[in-house]
Amino acid sequence: MSTVSSATEQSLASVVVVDYGLGNLRSVTRGLERAGADVEITDDPDAFAAADGIVLPGVGAFREGVENADPLREELLEIAASDTPLFGICLGMQMLLTTSEEGETDGDAAVQGLDLIPGTNVRFDEGQKVPHMGWNELEVEREHPLVEGVDNVASETQPADGSVDGEYAYFVHSYYAVPDDENAAVATTEYGLEFPSIIANEDGTVFGTQFHPEKSGETGLQILRNFVEICSQE
Amino acid sequence: MALTKRIIPCIDVDIDEDGNPAVYTGVHFEDLKYTGDPVEMAKAYNESGADEFVFLDITASAEGRETMLDVVSRVADEVFIPLTVGGGIRTTEDIKETLRAGADKVSITTGALERPELVNEGAKAFGSQCIVISVDARRRFDEQGEHYTEIDGESCWFECTKKGGREGTGIDVLEWAAEAESRGAGELFVNSIDKDGTKDGYDLPLTEAVCDVVDTPVIASSGCGSPEDMYDVFTEAGADAGLAASIFHFDEYSIEETKEYLDEQGVPIRL
């Protein structure tokens, strides 16, 4: 389903939301539009090349997600190899890693993720309420345009530098990413242990958030604005 | 800082005489009072600092369902916080349609009690995170339960009811909560028939008992009359989220002042 941006919003970048048959794409689309993007929801790889940025959304289980997205694997890897930003959200972020404990259940063989940020997704320990569901704090660990933002898009309720350090975001997940390279963590969050809540590859063009920016109120919209800004610079 | 406690406004939406969706608030699941337009209300809550938003379709009629999905879509366009939709969900197709309309989670009551496999199917197809199992609990002071709690010196168990409390099931809430969790429910939504609309506080023994048997997040509902009631349900009963309807609808307390109060009391809250 496509929605139309209001006339007052000027499109800063064209963004493709990858439709691989799972989840609620409406909210992420509305969020991106609010952040100034022109959004196309599609599973047509031809549309990927023309876009300024690609969003890999996600709710659901790792195995189903990876299997559903499998026909698009090559095209997604090509995007990652180019300069076009690839932004994974929640399960979409987990799919950027190599594999997940979640895919190993029921005696099935491990499912291969996209392996763009080497690492694995592991389940929270017993004793923690799972899923980790609700609003939790972001602690920015290192520089990345997704979290620093750009000073011209700050809103009334956000600091002028657009940083999301110390702000709250909305999480719903039972697994968390453990990248092989510690520097992949752009921001971390505390839930029994410290886990990466925003990750990025070395080039900085493949990144993801464990939380849902489209559901994280003003902080989430700031991240989406930052993303749209990154796209517009490519 | 840790995971924060969530403050969740809830609206009950029905179809009015002219066929338009309208928000109602009731007492003991009855005596409904008109309180406003669902989309406008959702917008206002989104801006007021609500952590989530719950939308319950109380029409329970086939014709009402299409209208409601349309309202869900319009609400989803306005809220950038999680949206849970409940009412009349009985099949995986119902779950799919509701999520497609823009809900992030579905709340299921009767549909899951009547066919518990629905929980497994929903969790497998869409993920546990979007399957909220809702119970309408009723206190019973007889010998037919499985788990007893002492309330005012009397031994009490909690029964799952259907049809907003009008029909008993004989099923012990604590048994069902544990079963729903093992089948893949991602969250439990605990209503109390005894407390609904009374504004004299949540059913603390009920909420605490459910929190003790499950590891998934528990949303306490029914009976909230003040920010102090929220404080009690978080600190005494261990709830992860507090849901309220009438105190916010009738502007008795704003979400902001509720959150400020809780923050001052040391409850982790997103301000």
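**Note on the predicted model: a helix, a residue and a sheet**

1. Helix α8 of chain B spans residues 227-235, and its buried residues are Pro227(B), Asp229(B), Met230(B), Val233(B) and Phe234(B). Viewed down the axis of α8(B), these buried residues fall within an arc of 155°, so they line one face of the helix.

2. What do the buried residues of α8(B) pack against? Two helices of chain B are on the list, α7 (204-213) and α10 (255-264). The strands are β1 (6-15), β12 (218-220) and β13 (241-244), also of chain B.

3. Asn191(B) sits in strand β11 of chain B, residues 187-192. Is Asn191(B) buried or exposed? It is buried, because 28 other C-beta atoms lie within 10 Å, and the cut-off for buried is 20 or more.

4. Beyond its neighbours within four places in sequence, Asn191(B) contacts Ser134(B), Val135(B), Asp136(B) and Ala137(B), as well as Asp196(B), Ser221(B) and Ser222(B). Gly102(B) is 89 residues from Asn191(B) along the chain, and their C-alpha atoms are separated by 24 Å.

5. Now chain A. Strand β6 (residues 119-123) runs parallel to strand β5 (residues 99-100), and two bridges join them. Thr99(A) stands opposite Thr120(A) of β6(A).

6. β6(A) also pairs with strand β10 of chain A, residues 175-179. These two run antiparallel, joined by five bridges. Here Asn121(A) stands opposite Ala177(A) in β10(A).

Terms used:
Residues numbered from 1 in each chain as written. Chains lettered and ligands numbered in written order. Predicted model: local features only at pLDDT ≥ 70, side-chain atom pairs only at ≥ 80, totals over all residues. Buried ≥ 20, exposed ≤ 12 C-beta atoms within 10 Å, placed from the backbone. Helix = DSSP H or I, 4+ residues; strand = E, 2+ residues; numbered from the N terminus. Arc of directions from axis to C-beta. Contact = placed C-beta atoms within 7 Å. Pairing = 2+ DSSP bridges.
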